[in-house]
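Please read them with the structure open.

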Amino acid sequence: MNFELTLFTSTDIQGLIELSASVGWDYDAYEIETIMAAGRIVGHKNMEGKIVSSAAIIPYDTNVASIGMVIVHEQCRGFGLGRIVTQACINSVSAETAILLVPTKEGEPLYQKMGFTTVEHVHKYLADKFVETTSEADFLGTITEFQEQDFEQLVKLDAEAFGDSRRIFLRKRIQQSQRCVVVKNQDNQMIGYA
C-alpha cells in the first residue's frame, strides 16, 4: 500500500475525528483545534485521501514535549505507520527535548522498541454522566470558576505535575473548554483544576 505522510491542518479535522472514532476514541473538533494551536499533528493519508494514521506532539515551554493521539486505522495496521508518525513527532523537536507519552496497552510494545521506558502510570476515569456537587465538607477549600487572575497559579501547579510549563497548551485548552474550575485551599492557594 502507498501512504503519504503529511502535516495536518484545520481542513483535516473531520478526517481526524473519523479516525479517532474508528478506534473508539472521542476526539472532537475543539480538542483537535487545541492540539493544532499548541503543537502539530502528522499522519498518513491513503491513495483516496482518507486519513489512516495520526500522531500529535505538543512542545512545552522549555525542554519537554508530549506525544499523543497516536492512532492507526485497523485496516492499515502492520505497515509501520505508528512507528513512522511517532518518529516524525520525535524528529520535529530538538534532541535535547525530553518526550513523554501515555500509551495504550496496544501501543506499549511499539514505544518500548523505540526506547521509551515506563516511569509512572496514569489512570483515566470516565463517567457516563456528571453529577455536580456543592458540598465542600470533604476538604478544606473552595471550588470556583476559573478567572484570568488564576492563570499563573494554574500554570505553576500544572508545571509541578508535568515537569515543565505548558503555558500555550493550557491557554488554548481553557479557551476550548466549556468550563474550567479551580480548587483553592484556605490560604487561597490553588491545589487543583479541571
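1. In this predicted model, His-44 has Ser-53 of β3 as its bridge partner. Strand β2, residues 40-45, runs antiparallel to β3, and six bridges join the two.

2. The order of strands in the sheet is β1-β2-β3-β4-β5; the sheet is open, has five strands and shows mixed pairing. The edges are taken by β1 (4-7) and β5 (98-101), each of which has a single partner strand, so one side of each lacks a neighbour in the sheet. From one strand to the next, the twist averages 25°.

3. Helix α3, residues 81-91, packs on this sheet and touches β1, β2, β3, β4 (64-72) and β5. The direction of α3 makes about 25° with that of β3.

4. Which residues of helix α6 are buried? In α6 (residues 167-176) they are Phe-169, Leu-170, Ile-174 and Gln-176. These residues lie on the same side of α6, because the arc they cover around the axis is only 160°. In general, an α-helix has 3.6 residues a turn, so residues three or four places apart point the same way.

5. The exposed residues Ile-168 and Gln-175 are carried on the face of α6 turned away from its buried side. The cover over the buried residues of α6 includes α2 (29-38), β3 (51-59), α5 (151-162) and β8 (190-193).

6. Arg-166 sits in the loop between α5 and α6. Is this arginine buried or exposed? Arg-166 is buried, because its relative accessible area is 9%, under the 20% cut-off. Leaving aside residues up to four places away in sequence, Arg-166 touches Tyr-60, Asp-61, Asp-158 and Tyr-193. With Asp-158 there is also a polar contact of 2.8 Å between the side chains.

7. How many disulfides does the structure hold? The number is zero. A disulfide is a covalent bond between the sulfur atoms of two cysteines. For Cys-89, the closest cysteine sulfur is that of Cys-76, and the 18 Å between the two sulfurs is too far for a bond. The cut-off for a disulfide is 2.5 Å between cysteine sulfur atoms.

8. On cysteine burial: Cys-89 has a relative accessible area of 1% and is therefore buried. Cys-180 also counts as buried, because its relative accessibility is 10%.

Definitions and conventions:
Residues are numbered from 1 along each chain as its sequence is written. This is a predicted model: local features need pLDDT of at least 70, side-chain atom pairs count only at pLDDT 80 or more; totals for chains, interfaces and linings use all residues. Side-chain values use heavy atoms; hydrogens and water are left out. Buried means under 20% relative accessible area, exposed over 50%, partly exposed in between (1.4 Å probe, protein chains only). Helices (H or I, at least four residues) and strands (E, at least two) are DSSP runs, numbered from the N terminus. The arc is that of the directions from the helix axis to the C-beta atoms. Contact means heavy atoms within 4.5 Å. A polar contact is a pair of N or O atoms within 3.5 Å; within protein, one must be able to donate a hydrogen and the other to accept it, and residues adjacent in sequence count only if both atoms are side-chain atoms. Two strands pair if DSSP finds at least two bridges between them. Axes are lines fitted to C-alpha atoms, for helices over the stretch in contact, and angles run from 0 to 180 degrees between N-to-C directions.
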